[in-house]
Amino acid sequence: MAAVEAAGPGPAPAPDYEAAELYTRVFRVGALGRCWRQQLGPPDLSLAAEAGAEAAELGCAAAAELGCAAETAAELRAVCSIDMLMSSDKEKDPDVIPEDSSLLTLRIRKKALQRREETIIVDRACRQETLAYEMESHAIGKRPDNPTDLVEEGELLLTLNIYYPVIFQKDLYKSAFFYFEGIFYNDKRYPECRDLSRTIIEWSESHDRGYGNLQSVKMEDYTFNDLSLKIGFPYLFCHQGNCEHIVIITDVRLIHRDDCLDRNLYPLLIKKHWLCTRKCFVCKMYTARWVTNKDSLAPEDPCFFCDVCFRMLHYDVEGNKLGEFLAYPYVDPGIFN
């Protein structure tokens, strides 16, 4: 699709179909969707299921490949479907492994998780974890039971790559913001929410730092259709006060009948990067920043610490060294994931 030039100042409504640079120029997401909907017709936007003739043709092809009757192929397709692999017991937590499991794979996975807890090392992914995350891709093509939850034709689908932080903990505070193109979108849905961007804006305005006029708005007053952004450009999501995630929009396209069509399942996790990291021996929460040898205060050699735990254990309030140890900065391999 050719680029559409803006009629006046401000971001262009649509980017080039292919960008030669690392990221596109700024465009408005909602305008991009309108441009596509104007160019495409109802058959291109339709989310209707495949015709019965196409399904029958696929069934005949499967029967011919298996060398069996069409009825047998249809029965195999029903018996071997994904729905048959799901447990009928909805009350059990799938993340809890029973103590008396008779499945060898579950016993292996339980030992691997216990070893991680004892050694504080996440070195690689279990085969069972790989299969568990692959199950999430089965939402592709899923239609809702309630027709009112069906995604509308012509909706835009954004693909985001969210990078891991160095802090691993549950959400304890409601405050958060997204930063896109000079605007902080602060989450103000709850009374206890604070404007985390205020300090950054005041710092920028205290001197002419070259960031222009930064703005702060309420996140709940906007949708992605209202945003102006670049594909491939690194933006920011911040929560927990200082837990920062780089966010990159990698793709923007129209919804297709083969996509997940149940709006209740969005945002949909389609891939999870494996994290190879070593946590602090003390708090077991932060990524290790220091490694010590011949440490009189540590239970093992070498021993790994985050910056906070390392300084609290090895120095007094005046900064004087406590005990005997050799300390070296530690570069965690997880930052290269």
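The following legends describe close-up views of a predicted model.

**View 1. Asparagine 186 in strand 5.** Strand 5 spans residues 183-186 and includes asparagine 186. Asparagine 186 is classed as buried because its relative accessibility is 1%, under the 20% cut-off. A polar contact of 3.1 Å joins the side chain of asparagine 186 to the side chain of aspartate 195. When neighbours within four places in sequence are set aside, the residues in contact with asparagine 186 include Ala176 and Phe177, as well as Leu196 and Ser197. Ser216, Val217, Lys218, Met219 and Glu220 are also among the contacts of asparagine 186.

**View 2. Pairing of strand 4 with strand 8.** Strand 4 (residues 176-180) runs antiparallel to strand 8 (residues 234-239), and the two are paired over four bridges. Tyrosine 179 has leucine 236 in strand 8 as its bridge partner.

**View 3. The hairpin of strand 8 and strand 9.** Six bridges link strand 8 to strand 9 (residues 243-254) in the antiparallel sense. Histidine 239 is positioned opposite cysteine 243 of strand 9. Three residues lie between the strands of this hairpin, where glutamine 240 adopts a positive phi near 60°.

**View 4. Cysteine 238 and cysteine 260.** Cysteine 238 has a relative accessible area of 3% and is therefore buried. Cysteine 260 is likewise buried, with a relative accessible area of 1%. A disulfide is a covalent bond between the sulfur atoms of two cysteines. The structure contains zero disulfides.

Definitions and conventions:
Residues numbered from 1 in each chain as written. Predicted model: local features only at pLDDT ≥ 70, side-chain atom pairs only at ≥ 80, totals over all residues. Heavy atoms only, no water. Disulfide = S-S within 2.5 Å. Buried < 20%, exposed > 50% of the residue type's maximum accessible area, 1.4 Å probe, protein only. Polar contact = N/O pair within 3.5 Å; in protein donor to acceptor, adjacent residues only side chain to side chain. Contact = heavy atoms within 4.5 Å. Pairing = 2+ DSSP bridges.
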